[in-house]
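Subject: Structure handover

Hello,

Here is the structure we spoke about. Please take a look, then read my notes below.

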Amino acid sequence: MDYIALYIKNLCFNCNNIISSYRLSHSLPCENDLDDNEILELLNIKDENTFRELLYKKLSEKGKLKDYLNIYNLYKEVNKFSEFFKKALSSNPWRVQIMWFERLYKNNSFSMIAPTGVGKSTFIIVSSIYFSSEYNKKILIILPTRLLVKQFNDLFDKFISSLNPNIKFIAYYGSNKKEIKEKINNEEFNILIISNQFLTKNFDILKGKKFDIAFVDDVDSFFKGSKNIEKLFILIGYSEDDINVAKKVIDIKLRGKLDFNSDLYKKFLQIKNKNSGVIVLSSATGSLRGKRVILYKELANFTIGTGSSKIRNVTDLYYIPKKDIKEELLNLLKELEDGGLIFVPKERGIEYMKEIYNYLISNNVKVGLIYSKTKTREIESILNDFYEGKINFLISITDPYGILTRGINMPERIKYAIFLGIPKIKINIRNLEKNIMNIIILSNLILPYISEIEKDRITKIITRLRKNMKKLSSGDLKLISDFLNGNKVELVGYLKSFANDILTLYNILKIYTDKTEILDKLKENPDVSIEVDENKNIYLNIVDLKTYLQASGRTSRLYSGGISKGLSIVFVDDQKLLKSLDMKLRYYLL
Ligand SMILES: [Zn+2]
C-alpha cells in the first residue's frame, strides 16, 4: 500500500528533532540518528526486548544515544520490577501497577485512585520491599486503622519470607508498644507501617526522620486528622518554614493576587525543587477535592484528577435524534453490530422499555431484556448468552441500582453504552413524594433563593442528615421510607430523628415550592429543567451524574490487561440537561 509520509517537528524520542510518521509508527528514531540502512535489521525484529537491546546498541555505537537512554533504562527497570513482582506473587503486575511503578521510579508524587480490588495494597507492599531492598529507600506507610496495620504486618511477613531481602520493617499496631517505639526512635527499620492515629499522637518520635517514599492509604480518613498534611510534608523533608511559605502562596493565589515575580514566589519555587521524598495517595472514591488537597497539589506537583480520568477511559458522545427514537436506535445498533448496553430513561417507564425491546426483536436484533422483574435464573442465562456472543445487546431501565448499571463486569464484551435519554432525577413538586434523596436534593436546590435565616436552618438539617446517613444500613433506610409513606412502622432513636428531619424539610419544601418566585428562580438555574404535564404537575429534572458515570463506566473497566476503552452515546431529550451534563462531566474529569 502506498502512503504519504508525514513529518512531525520535535517528536523524535531520541534527539527531539523532526521525524517521519513511518519511523514513529515502527518505534524507530529519526534519519539523523540512524539512516535507512541502519534500521533494516531492526525492522525485522518481533520481540520487544531484543528490539530495545539492539536499538540501544546501534545508537550507542554510533555515538547518537540521547533521550533514548532514559526510555531504555526505564524499560530495564520495569522488567526488573516485573520479575521481582512475579517472584513475590507468581503473577505479572497489571498494567496500572506498572504505570504506578514508573511514577515512583521517576520520583513523582501521585495518587492511585482506583476501586478496591485492583491491587493497590499489593502494589504498596511489593514496591516498598523493592525500593527499600534495591535502592535503600526509607519508606513510611500510613493506614487508616490499626487492624489494617496488623494485616499489612502479616502480609509483609509473608512476602519478606518468600523474597528474603535484607530489610527490616516495623508495624505499630498495639503490641510491645514500648519496645517498638524504641526501635522507631533508633531508626531500626527500612519500612515503617503506622496508623493515622499514631501519626497524630506520636509525631514527636517521628520528627527528624526523613522518608523517601510515604504511602497514604485511604486519603479520605487521613485528611480528617488536623495537621496530618503538614506532618506528612515534614516527614518527607520539608521544614515548617517551607510549609508556611507554601500556605502563604496558596492563600494569595486563591485570592487571585499572586505576583509571580515576588520574592515570596521565588522562594516557593526553590522549596518546590527541593530534593524531598515523594507521597503516594490512595483512594477508592476519587473524591480528592477541596481546600485540604491544595497544599499537595501545589507543593508536590500533584495532578490529582488524572487518577480518576485515567481509570474512566470513556468517550462521551451525544446525538440529537431526528426521527423516531426506535428507528434511530435500530440504525445505530446495525452500525455498532455487537457489544452494547441500552438504557431506557427511568421516567419513561417499563412499558416503553418493553415497546422498544419488542421493536428490536421484531427487527431481528439479538437483544436481552433485564429489569427489576426479571428472575435471577433468567438473568443468569441472558448474561451468559451475552457473554458467549449469542446475544449482541442488553436493554434495561436507567436505574441507579440496576444490574446493568453496576452489577456487570465484562470488559471484553461491553464496548458501548447507549442512553435513550439523559439519566435524570425527576421530582414532582406539586405532588412531592416523601422520598429521602429527592427531599435532600430539592432542599439543596432552593437554598440560594431563600432568606439567610431559613438557609441556615435548612443547611444545618442537611448537614446532620448527610452525617447520619452514613450510619444507616439499607434496612434502616427502608424502614424510614416505609414510615414516611404512612406504613405502620415504629421508629426509635436516631432512626426517628432522621425521619423527623426529613419531615421538617418536607414541610418547608411544601411552602416554598408553592411560591411562583421560587419556581421562576429554579427555571433560571442551569442545572434544572422544568416540565409541566397535562395534569398541571410540575417536574424538576436534574442530571443524575452518578448513575451516568456508573452505567457508562461499564464500557471501560480495569482488568488484568489494563483499562479498556469505552464509548457512551446519549440521545438528547433535553437540551438544558445536556449542557448541565456536559459541565458536570468536565468538572468531574478535571
Ligand atoms: Zn532523532
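Start with Ile142. Leaving out residues up to four places away in sequence, Ile142 touches Ile194, Asn196, Leu199, Ala214, Phe215, Val216, Asp217 and Phe222. Contact means that C-beta atoms, placed from the backbone, lie within 7 Å.

Two notes on the basis. This is a predicted model: local features need pLDDT of at least 70, side-chain atom pairs count only at pLDDT 80 or more, and totals for chains, interfaces and linings use all residues. Residues are numbered from 1 along each chain as its sequence is written.

**Cores**

Ile142 is also among the residues with the most contacts inside the largest nonpolar core, which has 62 residues. A nonpolar core here is a set of buried Ala, Val, Leu, Ile, Met, Phe, Trp, Tyr and Cys residues joined through C-beta atoms within 7 Å. Buried means 20 or more other C-beta atoms within 10 Å of a residue's own, with C-beta atoms placed from the backbone.

**Whole chain**

The chain has 590 residues, and 32% of them are buried. It holds 27 helices and 19 strands. These are DSSP runs numbered from the N terminus (helices: H or I, at least four residues; strands: E, at least two). Of the contacts between residues at least 6 apart in sequence, 67% join residues at least 24 apart. The C-alpha atoms fill a box of roughly 80 × 70 × 55 Å along the principal axes.

**Helix pair**

Helix α22 (residues 452–469) packs on helix α24 (residues 493–512) at about 145°, axes 10 Å apart. Axes are lines fitted to C-alpha atoms, for helices over the stretch in contact; angles run from 0 to 180 degrees between N-to-C directions. From α22 come Ile458, Ile461, Arg464, Leu465 and Asn468. They meet Tyr494, Phe498, Asp501, Thr504, Leu505 and Ile508 in α24.

**Sheet**

An open sheet of three strands runs in the order β14-β16-β15, with antiparallel pairing. Strands pair if DSSP finds at least two bridges between them. The edge strands, each pairing on one side only, are β14 (424–428) and β15 (529–532). Four bridges join β15 to β16 (residues 538–543). Ser529 has Asn541 in β16 as its bridge partner.

Best wishes

Key: Contact = placed C-beta atoms within 7 Å. Buried ≥ 20, exposed ≤ 12 C-beta atoms within 10 Å, placed from the backbone.
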